[in-house]
Structure formats: C-alpha cells, structure tokens
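Look at the model shown here.

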Amino acid sequence: MRIAMIGTGYVGLVSGACFADFGHQVTCVDKDAGKIEALHRGEIPIFEPGLDALVASNVKAKRLDFTTDLTAPVAEADAVFIAVGTPSRRGDGHADLSYVYAAAREIAAALSGFTVVITKSTVPVGTGDEVERLIREANPSADVVVASNPEFLREGAAIRDFKFPDRVVVGTSDERGRKVLGDVYRPLSLNQAPLMFTARRTAELIKYAANAFLATKITFINEMADLAEKVGADVQEVARGIGLDNRIGTKFLHAGPGFGGSCFPKDIRALVKVAQDYDVQLRIVEAVLGVNDNRKRAMARKVSNAAGGSLRGKTVAVLGLTFKPDTDDMREAPSIPLVTGLLDMGAKVRAHDPVGMEQARKELPDIEYCDDPYDCVKGADAMVIVTEWVQYRALDLDRIRSEMAQPVVVDLRNIYRPEDMAAQGFTYESIGRTSELQK
C-alpha cells in the first residue's frame, strides 16, 4: 500500500519507518526543510535505539522517502496519517490542534481518489469530527474516510512496541476504512496482534484514558514511597507485593522523582480540560497532576536534606537529565525542576547524560556539562541519580567516593542497594526506603 506520513517527529518517523519495513511504500512529509535534508543525508533528528538502521535499510530498499511537499504523496496514497505535534496550548492547558487542522486543510486540497485520512497524533475526543469537517469544507467532492489510530509507543522501545503491539486501536465505523487499515496492519497478523475496531471518538478517548491510568499508577506508588519512608517500609517490596496481583500488574510501579516526557503531562492536562468542557470533573486525574508537579519540586529539598540542610556554596553532580533512559527527550523531565530548585538553593550544578546534553542545554543553560560521570562528580558535595541509564548502574563506586568532596548520594531511581552503598562508605538516600533500612 502507499502511505503518506505527515510529520517526521517521534511518532511520524518511527511509524513511517516501521510501515516501510512491513513492505508498504511510505513517504514522510515535513515542512522543516532542514530536517528533510538531514534525513536524506541519513541523519536522524531524534535518539531512538535502532531507528537509524531501520530508516537506512528502508531508504536503500526504496520503500521510504522524505519530502517537504505533501501534494504528490497524498494524491497517490491509500492512507494518509497525520502525525504532527499537539503540544499544550499556552495559557489554558488545552491541546494545541493548530498543526493537525493545518495538515487537514492541506491534505484536503491534494486528495485524489478514495483515501483514508488517519489521525495518529494524540488528540482530544471530537478532533476527528473537526478534521472531517475541514476536509469536506475545503474539498466537498473528496472521497475520504477520516479515522483515528492512536499510537502507544514508549520512547526507547518504540520499534518493538510498533511491531509487537499489545493492541492496535482503529477508530472508524466505515467498512472501507476498516478494510484499508486492516490491510495496512496485515503484516502484524503473524504476531497475532489484536486489531481493535471502535467508533472514532472511542479510539480518541482510549489513548487519553490509557495515559491517565498509567500516570495514576506512577503517582500512586510515589505516594506510597513517601509513606514507606515515614513508617519504615520498603516501597520496592511493596510494589512487588501488589504488582504480583495480576489485577494490578508490575509495570509503572517504580517509585521515582515523578513522571515527565512528551505524553503524560500534556495529555493529562488536555484530558482534564476536555472533561471540564463537558462539565465533568476528573478528580483522580486532577490530583495526579498536582501530586506529580509537587513531587518534582520536592526532590531538590530531598537533596538539600541529605547534604546537611543547606546547599549554599556546594556543588551537586546530577547524573541523568532526560525524562527516561534511551531517549534524548527533555520535555517535562524531572531534572528541570530539580536543577532549578538546586540553583535556587545556591548550589553549583554539574550534569552528565549519555545522549541528552544537547537538548538539556536549551532548558538548563546555567549549569556545567561534563562528558564523563567521573568528571561530573569530581569535588562534588552530593551526587544525584535522576535518570536510570544503564551506564549508571555499574559505576566504579570506589572511584566515585574518592572523587567526591563528600560521599553523599541521592538515588532517585533506587538503582543501588542501601547495604552496598553503606558498605562503600556513602551517605545514601533513596526513594521509599527509610534511613533505618539504609543502615
């Protein structure tokens, strides 16, 4: 099948490359000429393990191409995916749908023959209705079906998630649309991927509901971690004890400094705003947002307490800046409010991240960046582990201790054992494990 992918951001580029790898003919379109030129040179604008090789192999096989002009790719396409950004709208938290609607208008002008236009961007309920209205307004004679096909990709594991999905949600009640999208995803049938057809609005809500529920699990275990510290329990054992109940599950029960990234914060804010528009109050979801924001700010106080109650004039080494490992994404990363809080307390901050420092400099220009974690901790009064990169799981702790001015470690991801750190001579603080457990 011929596919046009509008947008070469995270979702668009991963989806386009994977569809091409399925054997479809895919053209990815983006208005950013610099990005398209870079892709033609084989330069990938985002960090995602395996994506560079996947793109290169499908470009070589002539199944994947890139352009700034959507006219020809849309006219020739059986399916056109809209995969543009939907950031939080400045001022009110609603999803900014201007890029989606602009894409819809341009697509309308280029349509030729029967085409399915699919919204892959995360959008509020009812967006597909407006996309269809805009297309029919701009091109009344268009033979088009508008569908929803939300993505469920985890950054750092996106290619596997795409090829081995838990489910593929398709929102359309049109039989022709169902057939086209069934053919698009047919290569997954050997993997027995569940293809779930729903009404369009239902598909749109599934995406928001899934993100809100996962964020709720994270926030729940973070609150349990706070309680565990007070009562003398171990939150990791609590998480295992409840996660082994198959009604709950083990995933997203890892206590930490709060969730971030390109999806959860903005999508939950948008969901709350949509609910308010319909006079529905999502009290649990609203609380998740508030608790998460407060938690991020509280992490700087945790570091200050571990370092003796004051950071004035002290140096803090921060290991990990991206919101999660295996990505260079800094959007809503917990490191941003943490570092800002440390600076406000008078600390000097040094930082290291395996791939995220270029992006981090845009968000945190007033700190020192180090190319090596050992250089980062040299002379530091405290070391903070913020992102659980695998590189930080096997640090030479003897060398770390000898390089530091004070052997204080605040582990916001619980990647080390308290007893091991105590044996190495560190003052060690983690999440949801009391000082008694750490002795």
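Buried means under 20% relative accessible area, exposed means over 50%, and partly exposed lies in between, with a 1.4 Å probe and protein chains only. K163 is buried, with a relative accessible area of 18%. This residue lies in helix α7, residues 158–163. Helices (H or I, at least four residues) and strands (E, at least two) are DSSP runs, numbered from the N terminus. K163 and S15 are 148 residues apart in sequence, but their C-alpha atoms are 9.7 Å apart in space.

A word on the source comes next. This is a predicted model, in which local features need pLDDT of at least 70 and side-chain atom pairs count only at pLDDT 80 or more, while totals for chains, interfaces and linings use all residues. Residues are numbered from 1 along each chain as its sequence is written, and side-chain values use heavy atoms, with hydrogens and water left out.

Now turn to the strands. Strands of a sheet pair through backbone hydrogen bonds, either parallel or antiparallel. Two strands pair if DSSP finds at least two bridges between them. Start with strand β1, residues 2–6. Of its 5 residues, 4 are buried. β1 pairs with strand β2 (residues 25–29) in the parallel sense, over 5 bridges. Which residue of β2 is the bridge partner of I3? The partner is V26.

Strand β7 covers residues 168–171. V168 and V170 point one way, V169 and G171 point the other way, and all are buried. β7 runs parallel to strand β8 (residues 195–198), joined to β8 by 4 bridges.

β9 pairs with β10 (residues 348–352) in the parallel sense, over 5 bridges. There, V318 has A351 of β10 as its bridge partner. β12 (residues 382–385) and β13 (residues 408–411) also pair in the parallel sense, over 3 bridges. In β13, D411 is the bridge partner of I385.

Axes are lines fitted to C-alpha atoms, for helices over the stretch in contact, and angles run from 0 to 180 degrees between N-to-C directions.

S335 is found in helix α13, residues 335–344. Is S335 buried or exposed? At 0% relative accessibility, S335 counts as buried. Its side chain reaches the backbone oxygen of L321 at 2.6 Å. Contact means heavy atoms within 4.5 Å. Leaving aside neighbours within four places in sequence, S335 is in contact with G320, L321, M330, L364 and V386.

Another serine, S262, is found in the loop between α10 (235–243) and α11 (264–277). S262 is buried, with a relative accessible area of 11%. A polar contact of 3.1 Å joins its side chain to that of E155. A polar contact is a pair of N or O atoms within 3.5 Å; within protein, one must be able to donate a hydrogen and the other to accept it, and residues adjacent in sequence count only if both atoms are side-chain atoms. Not counting residues up to four places away in sequence, S262 touches E155, D329 and R331.

Finish with a helix pair. Two packed helices are described by the angle between their axes and the distance between the axes. Helix α6 (residues 127–138) and helix α9 (residues 200–231) pack at about 130°, with axes 8 Å apart. The two are therefore oblique to each other. Angles under 35 degrees count as roughly parallel, over 145 as roughly antiparallel, 65 to 115 as roughly perpendicular and the rest as oblique.
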